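Please look through the sequence and the structure shown here before reading the report that follows.

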Amino acid sequence: MRFVFRFFLLVAVIHLGVSAGTPYILYRFLDMRVDEIVAASMDHSEHWVKAQILEYAREKKIPLDPENVLVWRNRNDLRVWIEYDQTVNVPFHRFDTIYRVTYPEGTVPPQRYAGRSRSSPGS
C-alpha cells in the first residue's frame, strides 16, 4: 500500500513540476532566441525582428500579442521589449504569471507605451 501511495505522490509531483515549469522554460527559451535574433539583425529592419520573434512564439505556442512586442532603434542600438501573460493550471489551483523579455537587459518601453506596462514577477 505504501508503494502505491508513494508512486501516485511521485506522479503528482512530476505532473506539477512539468505543468508549472514549462511556461518558465519557454520564457527562458524566448529570451535566448531574442538575443540570437537581435545579434543577426544588423542588416534587417525592426519589422523583420518583430516578425522573427512572433514566428518563434507561434512555433512554441507562447501567447504573444503583437501589440506587446515592441522593437525600435535608439541611435544605432536595437531595443526589444516583450510582455505576455501565461496561465498555469495545476490541480486545485490556477495562477497567472506575467513574463517580460527585454533586450538589452533592463530596457523600458518608449514613453508612448509606458502606460500599458504592468509590474512583473517574471521580469
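A residue is called buried when its relative accessible area is under 20%, exposed when over 50%, and partly exposed in between, with a 1.4 Å probe and protein chains only. This is a predicted model, in which local features need pLDDT of at least 70, side-chain atom pairs count only at pLDDT 80 or more, and totals for chains, interfaces and linings use all residues. Residues are numbered from 1 along each chain as its sequence is written, and side-chain values use heavy atoms, leaving out hydrogens and water.

Rings of Phe, Tyr and Trp (its six-membered ring) pair if their centres lie within 6.5 Å, and planes under 30 degrees apart count as stacked, over 60 as edge-to-face and the rest as tilted. By this rule there are 5 aromatic pairs. The rings of Phe 3 and Phe 7 are stacked, because their centres are 6.4 Å apart and their planes stand at 25 degrees. Tyr 84 and Tyr 99 form a tilted pair, with 5.5 Å between centres and 35 degrees between planes. Ring pairs also link Tyr 24, Tyr 27, Tyr 84 and Tyr 99 into a cluster.

| Residue | Relative accessibility | Class |
|---|---|---|
| Phe 3 | 67% | exposed |
| Phe 7 | 43% | partly exposed |
| Tyr 84 | 2% | buried |
| Tyr 99 | 5% | buried |

Helices (H or I, at least four residues) and strands (E, at least two) are DSSP runs, numbered from the N terminus. Tyr 84 lies in strand 2 and Tyr 99 in strand 3, 15 residues apart, whereas Phe 3 and Phe 7 both lie in helix 1 (residues 2-39).
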